[in-house]
Amino acid sequence: MAPAAPTVPAPHRRIVVVQPLRRKLCAGCRRGPLAMLVLEDAAPRCLDCADLGHLVFLPRGDTALTRRAREESGLSAVVVRFNRRKGRYERQGVLVEEDALGRAEERCLADAEARRRRRIRDARRRAAHDARFAEAFAAEILRLFPGCPQERAAGIAAHASLRGSGRVGRSAAGRALTEGAVGSAVVASVRHLDTAYDGLLMSGLPRYEARRQIAPDVEARLRAWREGREGREGAPVAPAGPVAPARSAGPAGSVAPAGPAASG
């Protein structure tokens, strides 16, 4: 059963309306099943019984319209639904007065072109910032691994720093260009592109065992790049000396190179 809807502490308290995951009947009028309800003393109430039946639902998605509709509406409510997978309530939209929504729509239409141009400018600014960051990330890869081909370094940087990806380049450590974060991105690339790791996973081998088996190949490639010896892409790199035994970083079984930390 989903927990009770979250409450918002004062002075930012808002009325919270829930989209239930299970069939619910109103504790007052016994109507249902309810598409939306308000919990009063842990009992579900329909919008009419909660004196919110005159409000209209505005789905999330248009930030400007939502903000303006709430500004125009004397009474509004936040609509949430419980996400079982994430274990939390997530905002679905708002309930606002119908006239207020109309006024908000008129305001949005009046400056739609200006907001469109601003979005374009913002997108260009973000793209330029991302390009500069990817260049800096690639430069740091080449500093730590001078034998890494430039095109490969650029590809690793672009992959690791993709906005919204959640990869290591978007983490706080990645944005700070720490050696651990940069090294993790390089290790992940080598693991997938220069070893049989993906094939081992597809064969059903557990991830930890697959990492253990390809650890010498990863170490050899990293050693060659650190020492400035560029290896032929896709082929094993002969190590300068004996291959160091695989080192496991905790239960994840990730390989830690001699320089930057490995992850991912």
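Q: Is Ala42 buried or exposed?
A: Quick ground rules: this is a predicted model, where local features need pLDDT of at least 70, side-chain atom pairs count only at pLDDT 80 or more, and totals for chains, interfaces and linings use all residues. Residues are numbered from 1 along each chain as its sequence is written, and side-chain values use heavy atoms, leaving out hydrogens and water. On relative accessible area, buried means under 20%, exposed over 50%, and partly exposed in between (1.4 Å probe, protein chains only). Ala42 has a relative accessible area of 71%, so the label is exposed.

Q: Where is Ala42, and what is its phi?
A: Ala42 sits in the loop between β2 and β3 (43–45); strands here are DSSP runs (E, at least two residues), helices are runs of H or I with at least four, and both are numbered from the N terminus. Most residues other than glycine have a negative phi. Ala42 is not a glycine, yet its phi is positive, about 70°.

Q: Which loop holds Asp51, and what is its phi?
A: Look in the loop between β3 and β4 (55–59) for Asp51. At 59% relative accessibility, Asp51 counts as exposed. Its phi is positive too, although Asp51 is not a glycine: near 60°.

Q: How many salt bridges does the model have?
A: Side chains of opposite charge can pair when their charged atoms come close. A salt bridge here takes a side-chain nitrogen of Lys or Arg within 4 Å of a carboxyl oxygen of Asp or Glu. By that rule the count is 20.

Q: How far apart are the closest N and O atoms of Arg125 and Asp122?
A: Both residues belong to helix α3 (residues 112–144), 3 residues apart, about one turn of the helix. Arg125 is exposed at 52%, while Asp122 is partly exposed at 22%. Their salt bridge brings the closest N and O atoms to 2.5 Å.

Q: Which residue forms a salt bridge with Arg115?
A: Arg115 is buried, at 12% relative accessibility. The N to O distance is 3.0 Å, and the partner is Asp111.
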